[in-house]
Amino acid sequence: MQAKKRYLLLFSAGACLVLLFCFGGIQVPLSRRGPSRRDDRSLAGYHPGARWRPLPGYLQPFSPWEQDRSDDLNEHISPRQKRDTLSGLYTGKRCRMESCFDFSLCERNGFKVYVYPQQKGEKLSDSYQNILSSIEGSRFYTPDPGQACLFVLSLDTLDRDQLSPQYVHNLKAKIQSLPLWNGGKNHIIFNLYSGTWPDYTEDLGFDIGLAMLAKASISTENFRPNFDVSIPLFSKDHPRTGGERGYLKHNTIPPYRKYMLVFKGKRYLTGIGSDTRNALYHVHNSEDVVLLTTCKHGKDWQKHKDTRCDRDNTEYDKYDYREMLYNSTFCLVPRGRRLGSFRFLEALQAACVPVMLSNGWELPFSEIIDWNTAAVIGDERLLLQIPSTVRSIHQDKILSLRQQTQFLWEAYFNSVEKIVLTTLEIIQDRVLLHTSRSNLMWNCLPGGLFTLPQYSTHLRDFPFYYAKLGHFTNFPFVQVMVLWNCDKPLPAKQRWPATSVPVIVIEGESKVISSRFLPYDTIPTDAVLSLDEDTVLSTTEVDFAFTVWQSFPDRIVGYPARSHFWDSNKERWGYTSKWTNDYSMVLTGAAIYHRYYHYLYTTYLPASLKTMVDQMSNCEDILMNFLVSSVSKLPPIKVTQKKQYKETMMGQSSRASRWADPDHFAQRQTCMNKFASWFGTMPLVHSQMRLDPVLFKDQVSILRKKYRDIERL
């Protein structure tokens, strides 16, 4: 009897264990062949750079138990069926570069992007046309799909709200019929708006397959790390190229403005996005915290207005939005119907530190940008704590945040072109991982778009990080390079003068003027002293210019200065060589600059500009000044006035006609406007600073002066 009881007890305990196991009460690791914790996080949507963590259950992890069970079930199926089953696990939401991108397409020709030809009868919005034009005008573009690594649709996918007039119907069938679609592999789809009333989901209305998304207002729930790219929501009026400068012109100290925190926008009475905006009135104090909302939007807003609407609308009309924006320290950026908002870019441009209240939004370019250095990341559930939080931020930190908003705005966001190029550069860094940029390159001046990793991945090889690294170039040795672009044959070796330093003669193959800026491997030093064939400089002048350049390695430092001006009568940019107290260019006929600019000139600038320069045999020095100023956002540096330079140039009969020729200056006027058109803005910056040696022309003993010969010139 006792034995039966023991057996019954054991049987009951075993049955309980089985039931607990079946219903998930106990989890037993059935195999060690499952993915590691790191792999599991990757498949579950884990993203270390994200500001918001996805809640459990968004994307079920690929569990070891499921893998083992699949292995058992697939034990007797064909290898092809097994491959198809496994590949299905990595499609759609689980896509990553390693699982849904064909890297072999990039190995043959590098990172090239193909844009589908526009189909007849298909209309494009201005914004999407700007995106395609930016790609086609970039160095990544290829008209040959056989050379492409990445493909971009010519079908407008920006607005996928079914109630929008820009909505493209039958997009699914149109995309599936494309012969290069290949299930979306190696494609990128740009999108600004998705979903419609009332839930505004992130579904685009068609299966994107294995394609990457460059999407605005994307949530961390749907964002696929290391695959998708979060882009900012920009308006149809956002400029294609150039873009406006940021509002912070000077380092204003103290950094406080008239208002501490502002917002002005729509108030949604019901539905998604209404919770935060409906509660803003609790924080608004009409003094330094001004948070305004209006019910006046939509056709039938009066039917649904509440008791607060009239009072809110009256208060809303009292304030000018631009005046608030440019006179506030912090700008609230709450979510709208979708997670993103136009307020985000508006705040960045205005040097108003964004205070993000949009839980679950994957911030734009989060893969490369450290938003903690330029924004305050808040929580919608803690709205009432926002005023005290921003008031507690020290003024040094506020100034730092504001300065970073200006850098990010001008580096990545102030034009459609920069948004598109940043997107492509991020993908290129993933594809060419061994040459990808560091976090410092992306988050410090001049930014990732001007720090090309094909040149180098070491910070010390660029002119922008010398101050951070404490690295200054010295000449380990001096070498003279002569670029022989003359049609006459090269002189015999014995006819060259004897020198104490090596002399390398390079015979230009194409005999074009841009050859002087090719990135020759024979240049051993960071500093390049560029001289025209008729320039006369003393060794003292060269030494002083180099000493100055060491303090300004990211700029052009030299002697002959020129300036630009706006001709209001002709409504175009003008060029002048008049000697004044103002300049914006230092000509490369007698100047020192970093050799990296040779590489940028050759690879970054479009062939159209270089071809124009070569055909005219003119303006290459102006183009180099445009390039360097667009990178540094600063003027060049003029060193001690050297009248001998001008007198020498004018005194040579063979060259006098060129400098006096009106056609020469007419060409340079044309160049100025062509260059400004391509850059989308005028990058040249005026300066009135001239650097002289210490004790220059002072009435002191000549023995105390290092550069005593300069004052006699």
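Reader: Which cysteine is joined to C95 by a disulfide?

Author: Some background to begin with: a disulfide is a covalent bond between the sulfur atoms of two cysteines. Here a pair counts when the two cysteine sulfur atoms are within 2.5 Å. In this structure C95 is joined to C100, with 2.0 Å from S to S. The link of C95 and C100 is left-handed, with -85° about the S-S bond.

Reader: What sort of model is this, and how are its residues numbered?

Author: The model is predicted, so local features need pLDDT of at least 70 and side-chain atom pairs count only at pLDDT 80 or more, while totals for chains, interfaces and linings use all residues. Residues are numbered from 1 along each chain as its sequence is written, and side-chain values use heavy atoms, leaving out hydrogens and water.

Reader: Are C95 and C100 buried or exposed?

Author: Go by relative accessible area: under 20% is buried, over 50% is exposed, and in between is partly exposed (1.4 Å probe, protein chains only). C95 is buried, and C100 is too.

Reader: How many disulfides are there by that rule?

Author: The count comes to 5 disulfides. If you number the bonded cysteines of the chain in sequence order, they pair as 1-2, 3-4, 5-6, 7-8, 9-10.

Reader: What does the disulfide of C295 and C309 look like?

Author: The sulfur atoms of C295 and C309 are 2.1 Å apart. The torsion about their S-S bond is about -85°, so this disulfide is left-handed. It links distant parts of the chain: C295 is in the loop between strand 9 (289-294) and helix 10, C309 is in helix 11, and the two are 14 residues apart. As for those element numbers, helices (H or I, at least four residues) and strands (E, at least two) are DSSP runs, numbered from the N terminus. C295 counts as buried because its relative accessibility is 2%, and C309 is buried as well, with a relative accessible area of 0%.

Reader: And which hand does the link of C619 and C671 have?

Author: That link is right-handed, with 85° about the S-S bond. C619 and C671 have an S to S distance of 2.0 Å. C619 lies in the loop between helix 21 (607-616) and helix 22 (620-632) and C671 in helix 25 (residues 662-679), so the pair ties together parts that are 52 residues apart in sequence. C619 counts as buried at 0% relative accessibility, and C671 is buried with a relative accessible area of 0%.

Reader: Back to helix 11. Which of its residues are buried?

Author: In helix 11 (residues 309-316), the buried residues are C309, D312, N313, E315 and Y316. They cover an arc of only 165° around the axis, which puts them on the same side of helix 11; the arc is that of the directions from the helix axis to the C-beta atoms. The face turned away from that buried side carries the exposed residues R311 and T314.

Reader: How should I read the sheet in the order 1-2-4-6-7?

Author: The pairing rule is that DSSP finds at least two bridges between two strands. Here 5 strands form an open sheet in that order, with parallel pairing. Strand 1 (113-115) and strand 7 (229-230) stand at the edges with a single partner strand each, so one side of each has no neighbour in the sheet. Strand 1 pairs with strand 2 (residues 150-152) over 3 bridges, in the parallel sense. V113 stands opposite L150 in strand 2.

Reader: Which residue stands opposite L261 in strand 9?

Author: That is V289. Strand 8 runs parallel to strand 9, joined by 6 bridges. Strand 8 is also parallel to strand 10 (residues 328-334), joined by 3 bridges, and there L261 stands opposite F330.
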